[in-house]
Amino acid sequence: MTAESLAALIAECNRDGRAVTVRAGGTLSGMGYPPDPDALQLSMLDFDEIVEDAPADLTVAVQSGVRLRVLAQRLAAHSTHVPFDAPFANDATVGGTLSAGWLGPRRHLYGRPRDFVIGSVAVLADGTIARAGGMVVKNVAGYDMSRLYVGSFGTLAVLVQANLKTIALPEATRGFLMRLPEGTRARAISHMHALDVVPAAAFWIDGFKTLEGEDGIEGRLFVILEGSRAVVDRGTRELRAWMGRAGVPDTSVIDAGAREAFERIVDAYVASIGERSITYRIPAFHDDAIGRAMALQTLAQRFEFRTDVIVDAMNGDVIVRVSDLDAHALGAKIEIFDDALHDDEPEAIIIAGNHPSRAVLAVWGSAPDALPQMRALKERFDPKRILNPGRFVAGL
Amino acid sequence: MLAQRLIDALGADAVKMQPEDLAVYSFDAYTDGSAPSAVVLPASTNDVSAVVKIARECGEPIVPRGAGTGLCGGAVPIEGGIVISFARMNRILELDAARRRARVQPGVVNLGVSTAAAPFGLFYAPDPSSQKTSTIGGNVATNAGGPHCLSYGTTVNHVLGLEVVDEHGEVFKTSIDRPGYDLTAALVGSEGTLGIVTSAWIRLMKAPEAVRVWLATFPDVESASDAVSSIIAAGIVPTALEMMDAVMARAVEAAFHAGYPTDAGAVLLVEHAGFEDDMDAYEREIERIAKEHGATTWRAARSQAERDALWAGRKGAAGAMGRISPNYYLQDVCVRRSTLPKALHAVEEIAREYKLTVANVFHAGDGNLHPMLCYDKSNPKEVQAVVESGNAILETAIALGGTISGEHGIGYEKRDGMTRVYSTNDLATMARVRDVFDPQRRLNPEKLFPTGAQCAEVKPIV
Ligand SMILES: Cc1cc2nc3c(=O)[nH]c(=O)nc-3n(C[C@H](O)[C@H](O)[C@H](O)COP(=O)(O)OP(=O)(O)OC[C@H]3O[C@@H](n4cnc5c(N)ncnc54)[C@H](O)[C@@H]3O)c2cc1C
């Protein structure tokens, strides 16, 4: 499929007022309200071409259906990467990751996905093919349309191509897994920020069968150091010295497989347990994330939910998955729980969960301040509301 | 009538109406425009709202203005209107060192943020060469870059959210951390055409533990730009990678005694910040690449004072131009980094063809060229040659897959160049955003969009 044929198809839908659901890898299908069942299902997976690989410029242009793994492998051949850190990279696509506004754990170090986007090709609801930016790394000619499409959940335009800036792959990656005695948690997590060799990622994990393949393990801290060998070695010494002082009992160092372990944690962000779980993401800060996570665990316990928790200690994201014995048990309580959770955390959003009641939960949290402006933008770009209708924030 | 209403709303000392006062606001660092109908100096967001409402009722356009250092006529009134100067909204409202962020009013001078953050071991990364005078509001509106934006990214990478007064005078807030459309991204770089920024949340960064600065000289611009392209192609993105040609280097040396060899064909200034542990390896690698491409001298600054001396030359480059020429026109284009050698060669050819002296000092690592075309304003032939060669440079950049502005913006100067890089559809798509935020084209009119685009020309073809 080409941008032109896609444009023709979308234009036709627009004429007929027919809704279109844009799909790609399906890895983030737990985000947003459920799609309109009568909508035309548009798969972007045919847009799987690497349009231009320009290692000498440290840039690459890809069609939106390119899988993150495919892109990563291509870039690794010239020792570069684009650290999107989205779950299930084998299936996830560039376009899906960008459109969903995915925010990964290493962004505090490398930047957000949006900040790697230097150009785009998009198809608007009326079939207009619009280009923005280009293949240069600095460009202030006109509005930054590309960044505007990022995070718009496919409701302003269908992203067909993204031009990206790349960066060098780190020479070394090392993981650390440690159990933390209860009293040291909050201090340990806030300390991650104070290290000289700032971790690329640091997670407090409670529950989630992500690493050890065991269930019901008490909380643990997983840290990733990245950089030159010298820096990773120095960071290792620094981390060890600190752990010693804090009285952390045992630590395993993961050299081979550190990246895979990291990926498994990112996968866990959106891993659902059948139809009996819902996963929330709360934007906290590194210095209050653990407290807020624990408060939510307490809340969930009141509802007799089981919880699995990941706290991204570097960015402050809190991921809480609540689950029950079966879909019915979850369904009986989830609406009241959702209300109670949003009373405490109005900005919490739902990022995973296949339970049918997702449709009535506050999937996107409280409305953003600039909702009237966003509505007007939607109206100007997609007046017939054919692109992913009803799925995004406040019906955008 | 207008005057009285503004005075009633803001107080007499916040409104300027005298012709000699207005004249001061009729130009920026690029050009002269027309005198505004009034200049106001609001002290708060409420004041800005009040002004916008009055302007609306009186049919006056609004031109927001920071320090007026803009290089594309962005802050210049074209058809009169009310200039809103942020000179009094110059406070840092909040500095949260633990969370590494600050909330600042638009009139805060760029360097003031880093100065305030320094005691906490933090800094604000975007550093336009105008940072001692240009303001955060102006930086946000132009998405300003600077030498250190090579690895840290331009202004848009450092703005977390904005408070904005819209064309009705109503206030809205944006945040990059909330779901919904990324209005922050739309507003940054919108040159005052979508809304008036009344405060910004910005990101502060931890100061690096080690900084090194190296200086390499090359026999000519070609070899230096080959070296730049090779450094980038090797995956090395230093914190800054700046280049000067012979004309510039000599002028800078004469003005600042920065220690640049005066016989060099090109000077490359490289800075890397990060961990001390990495510095030697970095130094060896960059030195190797530089020498492979024919670097004739290589120096490493050994102290803060030496680092400052090497940078002083770069930072003062624009000031040193006065030694070369009574007037100069500063062009700003960005090309793919691998095409830097070609682009520079083309610039040289263009200058030769038009018999103009050109001096180059630029953000080489980004492919962001800044040829300075020297001329004498009193010589109409030279003025004409500068205009034509400036256009030729734009064409060259476009032909090399580049863009017509890397950091200075479109403003009034390059509005008609927009049709050379974007199709009608592309521009119409941008115009849709404008339609939403400023349907009447009252916010900084006659900027950014090509002439005529305000009405019929740039409408979507359906
Ligand atoms: C010597 C020199 C060196 C320079 N070096 C660099 C450089 O390295 N990198 C770079 O990017 N630029 C550079 N510039 C250009 C200029 O400094 C930047 O564009 C800067 O961001 C302008 O800031 P200002 O406060 O002077 O804004 P102004 O020139 O006053 O205004 C610039 C634009 O911003 C708009 N604006 C201002 N405030 C607001 C607001 N609150 N809300 C909405 N819109 C607003 C104006 O309407 C105008 O369109 C340089 C200029 C000079 C003279």
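Modeller: Asp85(A) sits in the loop between β5 (80–81) and α3 (94–99) of chain A; helices (H or I, at least four residues) and strands (E, at least two) are DSSP runs, numbered from the N terminus. This is a predicted model, in which local features need pLDDT of at least 70 and side-chain atom pairs count only at pLDDT 80 or more, while totals for chains, interfaces and linings use all residues. Residues are numbered from 1 along each chain as its sequence is written, chains are lettered from A and ligands numbered from 1 in the order in which they are written, and side-chain values use heavy atoms, with hydrogens and water left out.

Biologist: Why is Asp85(A) called buried?

Modeller: Buried means under 20% relative accessible area, exposed over 50%, partly exposed in between (1.4 Å probe, protein chains only). Asp85(A) has 10% relative accessibility, so it counts as buried.

Biologist: What makes the pair Asp85(A) and Arg106(A) a polar contact?

Modeller: A polar contact is a pair of N or O atoms within 3.5 Å; within protein, one must be able to donate a hydrogen and the other to accept it, and residues adjacent in sequence count only if both atoms are side-chain atoms. The side chains of Asp85(A) and Arg106(A) are joined at 2.7 Å.

Biologist: Which residues is Asp85(A) in contact with, leaving aside its neighbours within four places in sequence?

Modeller: Contact means heavy atoms within 4.5 Å. On that rule the partners of Asp85(A) include Trp102(A), Phe262(A) and Val266(A).

Biologist: What makes Lys138(A) and Glu407(B) a salt bridge?

Modeller: A salt bridge is a side-chain nitrogen of Lys or Arg within 4 Å of a carboxyl oxygen of Asp or Glu. In Lys138(A) and Glu407(B) the closest N and O atoms are 2.8 Å apart, so the pair qualifies. Between chain B and chain A the count is 13 salt bridges.

Biologist: How much area do chain B and chain A bury between them?

Modeller: About 6000 Å², with 55% of it on carbon and sulfur atoms. Buried area is the accessible area (1.4 Å probe) that two parts lose on being put together, summed over both. Arg178(B), Tyr181(B) and Arg432(B) supply 15% of the area that chain B buries against chain A, more than any other three residues. The contact takes 76 residues from chain B and 69 residues from chain A.

Biologist: How many salt bridges are there across the interface of domain 2 and domain 4 of chain B?

Modeller: The rule finds zero there.
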